[in-house]
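Visitor: Please pick one part of this structure and look at it closely. Then lead me from there to its surroundings, one step at a time.

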Amino acid sequence: MTDRAKGIFAITASAFGFALMAFFVRLCDEFGGPVSSFQKSLFRNIIAFAIALFVYLRQGADNEGGASQRMFPPCMGAKAWFLLVLRSVSGGIGIFGNFYALGKIPIGEAMTLNKTAPFFTVLFSWLFLREKASARRLLWILLAFVGAMLVMKPGFQGTATFATLCALGGGLGAGIAYTCVRELGILKVNGAFIVLFFSAFSTLACIPFIAWQGADPMTFAQTLTLLGAGCGAAVGQFGVTAAYRFAPPNQIAVFDYTNVIFTSLLGFAFLSPRQVPDLLSALGFAIIVLAAIRSRRT
């Protein structure tokens, strides 16, 4: 497999992982009372932290006995640490902005604004990493975004302006975070440590808000669904971290839109009442697949 093919596979796996996360977060509300966004985010991050810690420690043990330690913290420079902090802050803003918006505006609007992340990723990788995108690749990303809008059907009625800005800020934050991930990959920083650092940062950021609001009681079923959300988030984090180590955003960002297809299929298969895609959604799926295939060939 070429590095680009590996990047496509990894970002598609990441899209599936984040779709699982969204599915389990949505499922959580069907098994008990309301659970705050910060409490959901805590589960999202703490499970990813535990998995990343296990992988990181295992890799560290495997690297003992003369193997290169270049990509591990003892050998990282100031630039790598700065990028890790920036990635964590911007990624945290992206998560909280999206979670807040999901509770205030229609889900289609929130998801559509959050899906501006691939555009921002390509833009920032061009501005700061000098990784230019051809007009044809930008066209396929735009076409995939149009397909996503057909699936999510945002209303954009102009209400809840602050929540709308939070959703857009979520996409912007994710774009900055993924650009940092790309640069960290170029610097050969350990991928598990990138996920570990971000998950630890986001977990700690949730705690003051939960302490201030008070923890919401959860049923056993809700706990299980949020554990599932955390596992999905871990797959998503590891996938996107690996993807941008293999290939620049301008080559693979369009495949991030497969998340819309995975999310819709999970809703159709498992949620009640069954969320059956309509004609516009089917057209949107076809456009996303077409854009991904055409982008793969350019």
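Guide: Start where H3 and H8 pack, with their axes 9 Å apart and at an angle of about 50°. Axes here are lines fitted to C-alpha atoms, for helices over the stretch in contact, and angles run from 0 to 180 degrees between N-to-C directions. This is a predicted model, in which local features need pLDDT of at least 70 and side-chain atom pairs count only at pLDDT 80 or more, while totals for chains, interfaces and linings use all residues. Residues are numbered from 1 along each chain as its sequence is written, and side-chain values use heavy atoms, leaving out hydrogens and water.

The helix names need a word too. Helices (H or I, at least four residues) and strands (E, at least two) are DSSP runs, numbered from the N terminus.

Back to the pair. H3 and H8 are therefore oblique to each other. Angles under 35 degrees count as roughly parallel, over 145 as roughly antiparallel, 65 to 115 as roughly perpendicular and the rest as oblique. The crossing of H3 and H8 is right-handed. A crossing is right-handed if the near helix is turned clockwise from the far one by less than a right angle, and left-handed if anticlockwise.

Which residues of H3 and H8 meet? From H3 come Trp 81, Leu 84, Val 85, Arg 87, Ser 88, Val 89, Gly 91, Gly 92, Ile 95 and Phe 96. From H8 come Phe 193, Ile 194, Phe 197, Phe 198, Phe 201, Ser 202, Ala 205 and Cys 206. Contact means heavy atoms within 4.5 Å. By class, the contact of H3 with H8 holds 13 nonpolar, 4 polar and 1 charged residues. Ala, Val, Leu, Ile, Met, Phe, Trp, Tyr, Cys and Pro count as nonpolar, Asp, Glu, Lys and Arg as charged, and the others, Gly among them, as polar.

H3 has another partner. The axes of H3 (residues 78–102) and H7 (residues 161–186) come within 7 Å and cross at roughly 155°. That makes H3 roughly antiparallel to H7. Their crossing is left-handed. The contact of H3 with H7 has 17 nonpolar, 8 polar and 3 charged residues.

Now follow H7 to its end. H7 has 26 residues and reaches 38 Å from its first C-alpha to its last, close to the 38 Å expected at 1.5 Å a residue. The expected span of a helix is 1.5 Å times one less than its number of residues. After H7 comes Lys 188, whose phi is positive, near 65°. Lys 188 is not a glycine. Its place is the loop between H7 and H8 (191–213). At 43% relative accessibility, Lys 188 counts as partly exposed. Buried means under 20% relative accessible area, exposed over 50%, partly exposed in between (1.4 Å probe, protein chains only).

A positive phi also turns up after H5. There, Arg 130 takes a phi of about 60°. Arg 130 is not a glycine either. It sits in the loop between H5 and H6 (135–152). Arg 130 is exposed, with a relative accessible area of 59%. H5 itself covers residues 117–129, and its 13 residues should span 18 Å at 1.5 Å a residue; the end C-alpha atoms are 17 Å apart, which agrees. The buried residues of H5 are Ala 117, Pro 118, Thr 121, Val 122, Phe 124, Ser 125 and Leu 129.

Lys 40 counts as buried, at 9% relative accessibility.

Look next towards the end of the chain. Thr 258 lies in H11 (residues 258–270). It is buried, with a relative accessible area of 12%. Beyond residues up to four places away in sequence, Thr 258 touches Thr 12, Ala 15 and Ile 288. Ile 293 belongs to H12 (residues 279–297). With a relative accessible area of 40%, Ile 293 is partly exposed. The C-alpha atoms of Ile 293 and Val 254 are separated by 9.6 Å, while the two are 39 residues apart along the chain.

Finally, step back. The chain has 12 helices and 0 strands. Of its 298 residues, 50% count as buried. Among contacts with a separation of 6 or more, 90% join residues 24 or more positions apart.
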